[in-house]
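Good morning, colleagues. Please keep the display in view as I speak.

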Amino acid sequence: MSEPAATTGKPSVDERTVKRAVWASAMGNATEWYDYGVFTSGAIAVAIGSQFFPGEGNAVLKSLALLAVGFIVRPFGGAFFGPLGDKLGRKRVLAITILLMSGCTFLVGILPTYAGSYSMGIAAPIAILLLRIIQGFSTGGEYGGAATFIAEYSPTKRRGFFGSFLELGTLAGYVLGNLVVLSVTLSMSAEQVEAWGWRIPFFVALPLGLIGLYLRNKLEDTPEFRRLEAKGEAPKKAPLKEIFVRNWRMILNLIGIVLLLNVADYLLLTTMPTYFTDTLKINDNTATLIIIAVEVIQMAIIIPLGALSDRIGRKPLLLTAAIGFLVLSWPCLKLMQSGSILWLFVGFLIVALLLVLILAVIGSTFPAMFPTRVRYGSFAIGYNISTSLFGGTAGVIVTALIKSTGNEDWPAYYLMAAALIAIIPIIKIPETAQVPMDEIETEGNSGKLASAAAQR
């Protein structure tokens, strides 16, 4: 049931509308991670690297480096779209970001390559680089807005439950990307995939984006933003200065937690496929099936975990995950390196279960760290700075370290270091599981919540 307006001070929303808002937001995340699922699969990564960047050198590493380039501009996208979403509303900005994301993925599929009958020489790598930059810029405004959209529509006592659907979209998009790639590689020869079959998965992104756009346009802006507008408290201009002056400590906390989230997320979901095939010499299709199976398990438990956080809080799940990564990353990697497909699956599943503890609560935790007036911008900026520095670069750094040192344990070392850092901000942030979104107000530079409800 929705919370009455008389109690919350915001427009009343029925549960059907809340569910539509949740799915509209999750579709953007699904579109983003569909792209990653396609782009980082072994066969597609090899094809992209060889078709657009011919010559000596590892094709997979070239493809991962291209993916990492998009992350460089994500903080700029967050700094542009986030404050704009606080000024104009969440809905308008999210319509722009989902179109840019899906459109850029689609255009990669029709882009001429470096050489061959359908080619444009040196312009090809430049063009694909520009598309990845545009996509990274738009993605910088997507996630913070989507999470804010869900959190501001959700009833306080069920915010964890509804917020977990955001990352269900992540997993669903990634699984769909892997399934589409798997269907292409199973139905074509390796030569056909590298010549032209690699294009097919990129075409699916456009209808995904259009569905998300349709769902978003059918909704009003969030009750929290409309409440702010009705009271005349919405920012008259993009509040970039206010974001940093009043919220910098909480932004630093966010960066520290997102560091672990994204190192784990991008290592497990975008780097491990190529680690399995390049380093452990697992067949492409076998590696894809293992990853799909583990992600289906994650999808099965993420919603119950989100609901659990409504009862016990977000911080217990976050701390369990961080400590688990610190203690179990290396043993799990050793299981993956054992040479047994069964033990590889078990090791990968354990770390994936630790990751889903984080994924289940971030959609409800991160937006609740900031007040409504600057929520979108503060979240988008902090999240994307951390993602750019530590998430998007994780695959390239770990792959390069493995190749330069010959030590195959770098994925575990990287995860352990990220977990050690993240434990500190997880302990410092307030528990907001039962705090209404309209009561959240950051106290200047303290990084704490002013609302007495934060102590509940």
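Let us begin with helix H8, residues 159–187. Helix H8 contains 29 residues and spans 43 Å from its first C-alpha to its last, close to the 42 Å expected at 1.5 Å a residue. Please bear in mind that this is a predicted model. Is H8 enclosed or open to the outside? Of its 29 residues, 23 are buried, so H8 is largely enclosed by the rest of the structure.

Thr 185 is located in helix H8, and at 17% relative accessibility it counts as buried, because the cut-off is under 20%. What does its side chain reach? Towards the backbone, the side chain of Thr 185 comes to 3.0 Å from the backbone oxygen of Leu 182. A polar contact, at 3.1 Å, also joins the side chain of Thr 185 to the side chain of Asn 285. Leaving aside residues up to four places away in sequence, Thr 185 touches Ala 43, Val 193 and Asn 285.

I turn now to the nonpolar interior. In soluble globular proteins, nonpolar side chains tend to be buried together. Here, the largest nonpolar core comprises 120 residues, and those with the most contacts inside it are Ile 48, Phe 276, Phe 325, Met 336, Phe 348 and Phe 366. Helix H13, residues 240–279, supplies the largest share of this core, with 19 residues. Apart from this core lies another, of 5 residues, among them Ala 151, Val 435, Met 437 and Ile 440. As for Phe 366, its contacts beyond four places in sequence are Leu 254, Ile 257, Val 258, Leu 261, Phe 379 and Tyr 383.

A word on the cysteines. How many disulfides does a search of the whole structure find? The search finds 0. Cys 104 is buried, with a relative accessible area of 6%, and Cys 332 is buried as well, at 2%.

Finally, confidence. The chain has a mean pLDDT of 87, with 92% of its residues at 70 or more. Confidence is highest in helix H15, residues 315–336, at a mean of 96, and lowest in helix H1, residues 5–8, at 44. Over residues 1–9 pLDDT stays under 50, and the model has 15 contacts beyond four places in sequence for them. The stretch 451–456 is also below 50, with 11 contacts beyond near neighbours in sequence. Where pLDDT is low, the predicted coordinates should not be read in detail.

Technical notes: Residues are numbered from 1 along each chain as its sequence is written. This is a predicted model: local features need pLDDT of at least 70, side-chain atom pairs count only at pLDDT 80 or more; totals for chains, interfaces and linings use all residues. Side-chain values use heavy atoms; hydrogens and water are left out. pLDDT is the predictor's confidence in each residue, from 0 to 100. Helices (H or I, at least four residues) and strands (E, at least two) are DSSP runs, numbered from the N terminus. Contact means heavy atoms within 4.5 Å. A nonpolar core is a set of buried Ala, Val, Leu, Ile, Met, Phe, Trp, Tyr and Cys residues joined through side-chain atoms within 4.5 Å. Buried means under 20% relative accessible area, exposed over 50%, partly exposed in between (1.4 Å probe, protein chains only). The expected span of a helix is 1.5 Å times one less than its number of residues. A disulfide is a pair of cysteine sulfur atoms within 2.5 Å. A polar contact is a pair of N or O atoms within 3.5 Å; within protein, one must be able to donate a hydrogen and the other to accept it, and residues adjacent in sequence count only if both atoms are side-chain atoms.
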